[in-house]
Amino acid sequence: MPLTVRAAPGHESAANALRQALAARGYAHAGEATLVLETGDRGLELVREDVHPPLRLQLDFAAGRQGYRLAHAGHQREGLIRAFGRLPRDGHVLDASAGLGRDTLLLAAHGFRVTAWERHPVVYHLLADALERAAASPELAPIIGRITLHEGKADPAHLAVPAMAAVFDPMFPERAKRAAVKKDMQLMQALMPEAADPDAEQTLATLRQNVERRVIVKRPLHAPALGPESPQASIKGKSVRFDLYPAITLAKVEDG
């Protein structure tokens with residue numbers, strides 16, 4: 001089924017610009033779900049209309065659970081922050097698969113300067129819209145200002161300023177049929193019925209060759225490690241695991 005871009009009254013120009021951007025990327029929805037991207041007063045929203053009631057997803061970093069987490073969470077206690085180790089508070093880090101932006105925002109809230117990529121065009125536009133709206137919040141503006149978001153596959157080799165470390169959260173198709181899958185994940189599965197990162201092992205290798213210290217791969221708690229090489233260490237949470245891989249210097253690559 002095709003994905004439709006729809007405008008609420010008064011937002012036709014934004015919808016036309018979005019259609020042109022998706023067409024320029026050659027995007028065509030390959031799944032069977034009936035999906036709509038709707039521009040409106042509240043921003044950009046993804047809607048699945050072939051279920052009852054319809055499922056809706058709009059990213060909002062200035063309110064709700066995400067806003068509270070950014071404003072009040074003890075960032076040092078977050079597993080992801082601990083996985084980055086003893087980096088300078090304003091260090092440059094990468095998020096190779098920004099997705100819905102939660103880890104990207106957490107890293108920036110901690111103080112890191114974050115370069116992030118999102119390769120799926122629809123997810124990229126949902127995230128870019130949410131970041132633009134969040135930048136209007138006086139409380140969140142300094143956090144958003146530390147984020148640079150790119151559309152496409154992670155390309156760390158061409159950055160002017162090398163990064164100290166990176167996080168990569170590869171998305172794979174859901175293997176288990178679970179009744180209690182969160183709404184946002186249901187929509188992501190409908191939007192991306194196939195693996196969003198089919199070249200995940202190559203992405204990990206590229207990241208390791210283009211950071212100074214380490215790459216953190218975020219995995220479900222009981223999922224196998226990514227690729228044939230075992231991680232150097234792991235930090236486990238309640239439902240996820242952060243696998244740590246050391247950087248690979250050019251000298252090591254040539255010796256191998």
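**Exercise 1. Decide whether Thr 115 is buried or exposed, and list what Thr 115 touches.**

Step 1. Thr 115 has a relative accessible area of 8%. Buried means under 20% relative accessible area, exposed over 50%, and partly exposed in between (1.4 Å probe, protein chains only). Thr 115 is therefore buried.

Step 2. Thr 115 lies in strand β6, residues 113-118. Helices (H or I, at least four residues) and strands (E, at least two) are DSSP runs, numbered from the N terminus.

Step 3. List the partners, not counting residues up to four places away in sequence. Thr 115 touches His 92, Val 93, Leu 94, Asp 95, Thr 148, His 150 and Leu 159. Contact means heavy atoms within 4.5 Å.

A note on the source: this is a predicted model, in which local features need pLDDT of at least 70 and side-chain atom pairs count only at pLDDT 80 or more, while totals for chains, interfaces and linings use all residues. Residues are numbered from 1 along each chain as its sequence is written, and side-chain values use heavy atoms, with hydrogens and water left out.

**Exercise 2. Find the buried residues of helix α8 and say where they sit around the axis.**

Step 1. Helix α8 spans residues 200-208, and its buried residues are Ala 200, Thr 203, Leu 204, Leu 207 and Arg 208.

Step 2. They cover an arc of only 135° around the axis, so they are on the same side of α8. The arc is that of the directions from the helix axis to the C-beta atoms.

Step 3. The cover over these residues includes β5 (92-95), β8 (163-168), β9 (211-220) and β11 (240-246).

Step 4. Zoom in on Leu 204, which counts as buried at 6% relative accessibility. Neighbours within four places in sequence aside, Leu 204 is in contact with Phe 168, Val 215, Val 217, Leu 226 and Tyr 245. Gly 227 is 23 residues from Leu 204 in sequence, and the C-alpha to C-alpha distance is 8.7 Å.

**Exercise 3. Repeat the analysis for helix α7.**

Step 1. In α7 (residues 183-191), Asp 184, Leu 187, Met 188, Ala 190 and Leu 191 are buried.

Step 2. Down the axis of α7, the buried residues fall within an arc of 160°, so they line one face of the helix.

Step 3. That set packs against β1 (3-7), β2, β3, β4 (55-57), α4 (102-110) and α5.

**Exercise 4. Describe the largest nonpolar core.**

Step 1. A nonpolar core is a set of buried Ala, Val, Leu, Ile, Met, Phe, Trp, Tyr and Cys residues joined through side-chain atoms within 4.5 Å.

Step 2. The largest one holds 56 residues, and Leu 3, Leu 37, Leu 46, Phe 84 and Leu 191 touch the most other members. Helix α5 gives the most to this core, with eight residues.

Step 3. Another core lies apart from it, with 16 residues, among them Phe 168, Val 211, Val 215 and Val 217.

Step 4. Take Leu 3 as an example. Beyond its neighbours within four places in sequence, its contacts are Leu 22, Tyr 27, His 29, Leu 35, Leu 37, Leu 46, Val 122 and Leu 191.

**Exercise 5. Summarise the protein chain.**

Step 1. The chain has nine helices and 11 strands.

Step 2. Of its 256 residues, 47% count as buried.

Step 3. Consider contacts between residues at least 6 apart in sequence: 66% join residues at least 24 apart.
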